[in-house]
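Hi everyone, thanks for coming.

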Amino acid sequence: MKQKSSIVWIVVVVVLAVVLLGTWGLAAKTSTDNFCVTCHAYEKVSWDHGQHPDIGCIACHTKGAFKDKTAGMRKVFLTLTDQVDPHRDNLPSYLEKTHENCVACHMTEEIVEMLPHFKARHDEYLKATPTCMGCHDAGHTLKLKDLRKDNARLRI
Ligand code: HEC
Ligand code: HEC
Ligand code: HEC
Ligand code: HEC
């Protein structure tokens, strides 16, 4: 009897481990640039030509790991049910969220300490326009990305 229950426990632990590892693996796989560009080919092209081709998509676009995955599942659903065609429809953009991610990389304590004038000038700049994107064409070369806008599909 005792032996039986320890076998049950071993099975439970093994199953849990497999599920956890699988989830972790899937989360990692769905955070790669290659995964993003299966649906975002236009963005990939404009990103290749931008100032940050060495920075991964998720670094600028994360809204936090949990939100990324729940929003991601919704996006897969919208795509598979043909409610949104990410290659051709105009997609929403969340400038404030992206701005926070710019700041997290470019206005770290170290940078502020090393380049106080950069910070001081930028505090002034940001009084003129609410986000970095008001002045910097960062991440994507907008000229290229805007081509998609002309290519938007007709909804009948
Ligand atoms: C299965 C297709 C698919 C994949 C894969 C995909 N997306 Fe999307 N994406 C979409 C769809 C559909 C929308 C539009 C969602 C809407 O209309 O609310 C979208 C919108 C976006 C937006 C704009 C709106 C927002 O939510 O911020 C960004 C940024 C974005 N995706 C980035 C990414 C990144 C980064 C990845 C890789 C981690 C990725 N996408 C992977 C289909 C996809
Ligand atoms: C993951 C960190 C990271 C994020 C997020 C990020 N950047 Fe950068 N950015 C860098 C690095 C690293 C460089 C230097 C690239 C190089 O010189 O090759 C750079 C370069 C730049 C440059 C060019 C600087 C120059 O010397 O020409 C600008 C402008 C810039 N980023 C603005 C932005 C803006 C705006 C955002 C938000 C949309 C952003 N960055 C998001 C890391 C980041
Ligand atoms: C009102 C316009 C404006 C806004 C808004 C703005 N910048 Fe800049 N940025 C500039 C100008 C002009 C320069 C070049 C002169 C300088 O360094 O002040 C610059 C330079 C830079 C550089 C390069 C610095 C270097 O050493 O070469 C980076 C990186 C940068 N900005 C990032 C950002 C980030 C991140 C944001 C948002 C938090 C932002 N900028 C918002 C105008 C702006
Ligand atoms: C350095 C930061 C940065 C990187 C890296 C980056 N993006 Fe973006 N992305 C932006 C900014 C800024 C915007 C908002 C521009 C706008 O509103 O037109 C944006 C907008 C988007 C959108 C919104 C819809 C649209 O207008 O296209 C999608 C989707 C997107 N990016 C996908 C991607 C994918 C996929 C990658 C990687 C191949 C990527 N981004 C890499 C900064 C970045």
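One term before we look around: a polar contact here is a pair of N or O atoms within 3.5 Å. Please also keep in mind that this is a predicted model.

With that in hand, let's start at ligand 1. In His40, a polar side-chain atom sits 2.8 Å from a nitrogen atom of ligand 1. Lys63 also takes part: an N or O atom of its side chain is 2.8 Å from an oxygen atom of the ligand. Then there is Arg74, with a polar side-chain atom 3.2 Å from an oxygen atom of ligand 1.

Now, how many residues surround ligand 1? There are 19, and the closest are Cys36, Cys39, His40, Lys63 and Lys75. Sorted by class, that shell holds eleven nonpolar, five polar and three charged residues. Helices 2, 4 and 5 each supply at least two residues of the shell, and helix 5 gives the most, with four.

Let's move on to ligand 3 and its iron atom. His122 and His136 coordinate the iron through their NE2 atoms, at 2.0 Å. The site has six donor atoms, with angles of 87 to 179 degrees among them, and is octahedral. His122 belongs to helix 8, while His136 lies in the loop between helix 8 and helix 9, so the pair ties together parts that are 14 residues apart in sequence.

And are these two histidines buried or exposed? His122 counts as buried, because its relative accessibility is 15%, under the 20% cut-off. His136, at 42%, counts as partly exposed.

Notes. Residues are numbered from 1 along each chain as its sequence is written. Chains are lettered from A and ligands numbered from 1 in the order in which they are written. This is a predicted model: local features need pLDDT of at least 70, side-chain atom pairs count only at pLDDT 80 or more; totals for chains, interfaces and linings use all residues. Side-chain values use heavy atoms; hydrogens and water are left out. A residue is near a molecule or strand if one of its heavy atoms lies within 4 Å of it. A polar contact is a pair of N or O atoms within 3.5 Å; within protein, one must be able to donate a hydrogen and the other to accept it, and residues adjacent in sequence count only if both atoms are side-chain atoms. Ala, Val, Leu, Ile, Met, Phe, Trp, Tyr, Cys and Pro count as nonpolar, Asp, Glu, Lys and Arg as charged, and the others, Gly among them, as polar. Donors are N, O and S atoms within 2.8 Å of the metal (3.2 Å for Na, K and Ca); water is not among the atoms, so sites may look incomplete. Four donors count as tetrahedral if all angles lie between 85 and 135 degrees; four count as square planar and six as octahedral if opposite donors are over 155 degrees apart and all others between 65 and 115; anything else is irregular. Buried means under 20% relative accessible area, exposed over 50%, partly exposed in between (1.4 Å probe, protein chains only).
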